[in-house]
Amino acid sequence: MERDQRKDKELNIKDYREDFRTLEFKNDRLYLIDQRILPNDFSILPFETSEEVAFAIKDMIVRGAPAIGGAAGYGIYFAAKECRGDFDEFLRKAEKVRSSRPTAVNLMWAVDRMVRKAKETNLDLKSLRKEADSIVEEDIEMNYEMSRIGNEVVRPNATILTHCNAGALATCGWGTALGVIKYAHYSGKNIFVYADETRPRLQGARLTSWELMRANIPSKLIPDGAAATLIRDGEIDCVIVGADRIAANGDVANKLGTFALSVISKHYGVPFYFVAPITTIDFNCPSGSDIPIEERDKDEVRQIEGTYTCPKEMDVLNPCFDVTPHQNITGIITEKGIIRPPFDINIEKIKKGKSLF
Ligand code: MRU
């Protein structure tokens with residue numbers, strides 16, 4: 001196994017866990033950090049119905065593929081509570097949560113897992129609550145494992161470029177891409193990070209910068225357009241990003257702009273890694289062209305903080321994600337190991353529960 005050959009010393013990640021909870025369930029309520037207003041305001045909002053959870057996902061109060069999967073688990077628990085034993089009503093409510101955003105497959109995966117549990121237990125609330133808790137706990141553990149595994153691709157003194165936010169805020173805790181980055185930092189690798197600001201919702205500027213600064217990781221925020229020049233000039237040793245859906249052939253959907261970074265990285269020979277749990281693989285999706293790409297409100301592009309930056313009537317295209325073809329990818333770091341080319345064969349191995357090595 002690749003892991004056993006690593007020489008890096010293992011870090012006790014729990015000593016470095018962040019001091020905030022992206023999502024927390026207590027007193028029969030789901031509490032979410034309102035990610036729309038970070039970093040200027042820190043506010044935790046309570047949610048107690050399936051519709052409220054669907055809204056929180058749609059409006060990006062909670063965002064990031066694994067985090068919306070975690071929140072959705074509790075949304076389905078609420079749906080079971082609300083339906084008073086009417087299974088059709090439960091399924092209608094579950095569908096509302098399932099369709100709150102279309103691209104990140106962790107959302108559908110979590111809802112389907114909860115619906116299966118609801119069928120098995122005849123809508124038993126205690127079992128559903130436990131299942132939702134398990135989704136969250138398992139996600140955190142998978143993030144720890146991905147960080148340990150991913151640390152091997154980060155060489156000492158590396159400069160890493162990341163895009164969007166794939167940290168603790170985007171997951172149930174710790175993070176995927178940012179998890180690997182934090183692990184490398186805390187294990188003393190003396191890394192430096194460039195974070196793309198990530199237009200139009202500015203997840204890099206608002207959220208990744210916030211997490212990088214809290215972790216004291218030497219870093220700089222850059223406008224998205226600066227990345228190409230840094231890569232060309234040999235300033236970037238590797239690109240590490242998260243993922244929203246991985247197709248069976250290894251194509252990956254992630255935040256808009258990832259595809260362009262992958263093309264430039266391939267051109268200049270810079271290694272390009274995705275970090276994602278197996279729950280982000282959609283084994284039923286043959287290739288990237290089958291991944292639904294969310295298109296969001298035009299005003300996300302027309303405005304910054306409520307102020308128009310273009311004529312109000314200007315038409316806009318606002319795709320939220322793009323697809324990186326597997327040919328541009330060096331590896332996909334998962335909790336089961338690093339998937340390398342040929343991606344279709346290695347993803348099939350994972351589907352069948354076989355070892356990658
Ligand atoms: O629109 P968002 O903010 O939900 O998009 C988030 C991303 O694209 C992340 O890179 C991805 O979900 C991975 S998060 C671990």
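**Note on helix packing and salt bridges**

1. Arg148 and Glu145 lie 3 residues apart in helix H5 (residues 125-150), so about one helical turn separates them. Their side chains form a salt bridge, with N to O at 2.8 Å. A salt bridge here is a side-chain nitrogen of Lys or Arg within 4 Å of a carboxyl oxygen of Asp or Glu. Both Arg148 and Glu145 are buried. Buried means under 20% relative accessible area, exposed means over 50%, and partly exposed is in between (1.4 Å probe, protein chains only).

2. The model is predicted: local features need pLDDT of at least 70, side-chain atom pairs count only at pLDDT 80 or more, and totals for chains, interfaces and linings use all residues. Residues are numbered from 1 along each chain as its sequence is written, and side-chain values use heavy atoms, with hydrogens and water left out. Helices (H or I, at least four residues) and strands (E, at least two) are DSSP runs, numbered from the N terminus.

3. Side chains of opposite charge can pair when their charged atoms come close. The structure holds 31 salt bridges. One of them joins Glu51 and Lys96, at 3.7 Å from N to O. This pair links distant parts of the chain, 45 residues apart: Glu51 sits in helix H1 (residues 50-58) and Lys96 in helix H3. Lys96 is partly exposed, its relative accessible area being 47%.

4. Arg201 and Glu300 also form a salt bridge, with their closest N and O atoms 2.7 Å apart. The two residues are 99 apart and link distant parts of the chain: Arg201 is in the loop between strand S5 (192-196) and helix H7 (203-214), Glu300 in helix H10 (residues 299-302). Glu300 is buried, with a relative accessible area of 12%. Salt bridges with shared partners connect Arg101, Arg201, Glu294, Arg296 and Glu300 in one network.

5. Helix H2 (residues 65-82) packs against helix H3 (residues 87-98) at an angle of about 155 degrees, their axes 9 Å apart. Axes are lines fitted to C-alpha atoms, for helices over the stretch in contact, and angles run from 0 to 180 degrees between N-to-C directions. H2 and H3 are therefore roughly antiparallel, a term for angles over 145 degrees.

6. Where H2 and H3 meet, Ala72, Gly75, Ile76, Ala79, Ala80 and Glu82 of H2 contact Phe90, Lys93, Ala94 and Val97 of H3; contact means heavy atoms within 4.5 Å. These residues divide into 7 nonpolar, 1 polar and 2 charged, with Gly counted as polar.

Technical notes
Parallel < 35°, antiparallel > 145°, perpendicular 65-115°, else oblique.
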